[in-house]
Amino acid sequence: MDVSRFIERLMLEPGYRDQIVHIQDIPEREARYGELMSPLPPRVAKVLEDTGIERFYTHQVQAIDAIRGGQDVAIVTSTASGKTLCYNVPVLERLVTNPNAKALYLFPTKALAQDQLRGLVRYVELDPSLPMIPGTYDGDTPPNARRKLRDEGNIILTNPDMLHQGILPRHPSWGRFFANLAYVVIDEMHTYRGVFGSNVACVIRRLSRICEHYGGRPQFVCCSATIANPKELAEKLIDRPVTLIDDDGAPRGPKKFVFWNPPFIDATRTERRGSSFEAEQLLTKLIQDRVQTITFVKARVVAELIYRFTQERLQKISPSLANSIKPYRGGYLPEERRDIEKRLFSGELLGVTSTNALELGIDIGSLDAAILTGYPGNVASTWQQAGRAGRGRDEALVILVGQSTPIDQYLMNHPEYFFERTTESAVIDPLNPYVLAKHLRCAAFELPITVNDLARFGDYMPAILEIFQERKEIVRRGNRWFWTSSGYPSVGVKLRSMSDNTYTIIDTTTSPAGYEEGQGGSAKNRVIGTMDELSAFEQIHPEAIYLHDGETYFVSDLETDKKVAYVEKADVDYFTQSITETRVKVESEDEKRQFHEANVAFGDVTVTSLVFMFKKIKFHSRDSIGFGKITLPPQVMDTAALWLIPPLSALNLVRKWGRDPSEGLYGIGNVITEVVPLYAMCDPRDVGAVVDSLNTGSPTLFVYDRYPGGIGFAERTYRVLEDVLEACLQLVMACECEDGCPSCVGAPVPPFAQNDPDTSPRGRIPDKEAALILLHSLLDKEPYTPKPVKIPHYLSTSAEWDSESGGYDALCTKEPGLRGALDPQGSLDEVVELPMKRLPESVEARLRRQLARLSRQ
């Protein structure tokens, strides 16, 4: 692809209106190769040669030699740099020399596991004599296949959820596998952050102790996209020191990274053209030139819309080109996704519109161009998506299309902010007592807890075990603690904060006359997709228009009890978008105190999200053409929060300067979600902040845990509020922006947003000066004198502020399980008294309430 020529042509188009605001040239990088310390076994070398691998890059050599040497490693290199070979080669070597050896591959999604399985199956096809039996073991695996894999498989590909609930609790059936387990591969390690990562780290600790029980000690191989702290993250995940491999020797062709800002469409320069419209035009032009392109979007509906509109444009040019693009997103059936991946890899498809489902390492080959419809939300994800473009030494094109959101417009005006920033850190805390307690219950069920586990589970383990003993869930016999309660504890512990409830989408369209199965058309009552509960309430409520493969379906019914949505094809010229109201309600006030002149409290809250209305939006023009009412049950999350009530004097001081105190609180809330991880060992996505007046009668800032029952982050913030607010003040004061930006009081669009950003109410960056007035007052500092009121030129004065940063956890549906076998015998050794580190009183009280809820479940 001649990128420079393509850009020149764009700039000469009649409709071009200076959308290109920045072009960053990313230079070519030559490949660097290395030599292994000892040659590969001939059979392994032959299989690799047959797949086109004759030499290894420097990072591959370093990784393979380190793994051969028995080291645990963390491999961090760019997208499509061949990280998979770093672990597949040592695994193949071990299996060739020792067919009894086993390997466990962990992937964050089932789709990734299926993708990697195809690569392993290819090796077996090339050499059927290889002693390798790979297979995926997850929720989609039939029972008979599960048993065969468990008994005969030597490379098991699964996910942390299945390991947690389906394998570890049943470890007696896996005894031979764990005894011979040589390698544990943790791929896409950068996705294990925050509460999810902390839970996975506890699962890995449980895995290690079970392996030790059977006499095994596997090596760990962690692979990650570029993050700021890969070594730290890997060591916290696996509880061992690791060797970092980050000398990326893979080649990279030259790349142009274009920032494309949609033009204003009104005389007052407050309204920009939709980012989806710009992406459609760009994708159409690239497909016309037969440039294989991926277009990333942030919502499922946008993937369908851009596909539909681009296909309509291409249909007028060439029907064959119109058939060369497809949408790709979660909710499609596995076989549909596999078909799209295969056609994209083979080059049959020229274009795909995708959510971040294709951001992770699914092998779709190297593409020529990538369009990012809106800033993905963080630096690491942006480079991950941009890395999909690049084919050998050929020049590649990446276009970031700005949306009307604050962070996008800030980046369009300050591109250096993005290109000069390092990637973010991934933070986890597996010894958080709220996380640890749940996994200690699971661990006790799997094997008796011993005094030796103190090193693995941390100083709070004895205090937590004491609570279990009081609750008669465990009993101590000598130096071991045995599970005595009924039930299956891992069922009540979910690793992710998303809903476990999955809705099936059934097409009830009547079959056309003469329809024959397999010859086009659609069969009646055919399953066409799935969706999690939170998304289902927002996208497939009754009377919604569901978009699937560019087709429009009318939702006739949503049966929440059966978790089924019924849809039928409808030729309509509009789509729908839901409207959600979210509220916080104080349930109990556990503690309260005066904070200088303000009041602060901590306790239980209920975060309620209700989808109550939808609007109909015209295709192309995106005009609103009507509204409808939705009657669905609310999504309720019980969690913990702190709430800060500024004094009336502070609110009046803000008003005195002609500013809105609520705006200042919104800004402080945005900053707090970025600062809290410095004090509470969490990810910014684990904490929510909202401003509300209903509970207290005055503007109040709530900071809550985005996890059912609370996880301790809001409580920690309550304890160190002085330090947190001081850090907020220093961060805002140090920022060189004039009116607020994403680095201080601004907030990005949440990565879990469901709606089309081009038709959603646009947020605005809150008032930086109002935030500074309040921070000075809250911290009892000298009053702050703000600048005269000024509104950035690119912001609409009529823009609406969404006080909630979005995304709410749904409670999980529990399934009964079978209790595993336990050693009934106690220890005859001398009883050892463990050092007792007491839990803070409030933590212990909350933990007891959570355990009571788990027992009832």
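What percentage of the 857 residues of the protein chain count as buried? In this predicted model, the share that counts as buried is 58%. The protein chain contains 28 helices and 30 strands. Its accessible surface comes to about 34400 Å², and carbon and sulfur atoms account for 49% of that surface.

**Contacts across the sequence**

- Of the contacts between residues at least 6 apart in sequence, 76% join residues at least 24 apart.
- V302 counts as buried, with a relative accessibility of 3%.

**Surroundings of I371**

- Strand β15 (residues 369-373) includes I371, which counts as buried at 0% relative accessibility.
- Leaving aside residues up to four places away in sequence, I371 touches a set of residues that includes A279, L282, L283 and L286, as well as T293, I294, T295 and F296.
- I399 and V401 are also among the residues that I371 touches.
- Between I371 and Q385, which are 14 residues apart in sequence, the C-alpha to C-alpha distance is 8.8 Å.

**Salt bridges**

- The count of salt bridges comes to 46.
- One of them pairs D289 with R9, with the closest N and O atoms 2.7 Å apart.
- Because D289 lies in the loop between α11 (275-288) and β12 (293-296) while R9 lies in helix α1 (residues 3-12), this pair ties together parts that are 280 residues apart in sequence.
- Both partners are partly exposed: D289 has a relative accessibility of 32%, and R9 has a relative accessible area of 38%.
- Within helix α14 (residues 334-346), R343 and D339 lie four residues apart, about one turn of the helix, and their side chains meet in a salt bridge with an N to O distance of 3.8 Å.
- In this pair, R343 counts as buried at 15% relative accessibility, whereas D339 is partly exposed at 38%.
- A further salt bridge joins the side chains of E581 and R583, at 3.3 Å from N to O.
- E581 is partly exposed at 35% relative accessibility, and R583 is partly exposed at 45%.
- A network of salt bridges links D115, R118, R338 and E341.

**Surface charge**

- E597, E722, D723 and D780 form a negative surface patch.

Technical notes. Residues numbered from 1 in each chain as written. Predicted model: local features only at pLDDT ≥ 70, side-chain atom pairs only at ≥ 80, totals over all residues. Heavy atoms only, no water. Helix = DSSP H or I, 4+ residues; strand = E, 2+ residues; numbered from the N terminus. Buried < 20%, exposed > 50% of the residue type's maximum accessible area, 1.4 Å probe, protein only. Contact = heavy atoms within 4.5 Å. Areas by Shrake-Rupley, 256 points an atom, 1.4 Å probe, with all protein chains shown as cover. Patch = residues over 30% accessible without salt bridge, like charges linked within 9 Å, V, L, I, M, F, W, Y side chains within 5 Å. Salt bridge = Lys/Arg side-chain N within 4 Å of Asp/Glu carboxyl O. Lys, Arg positive; Asp, Glu negative; His and termini not counted. Charge placed at Lys NZ, Arg CZ, Asp CG, Glu CD.
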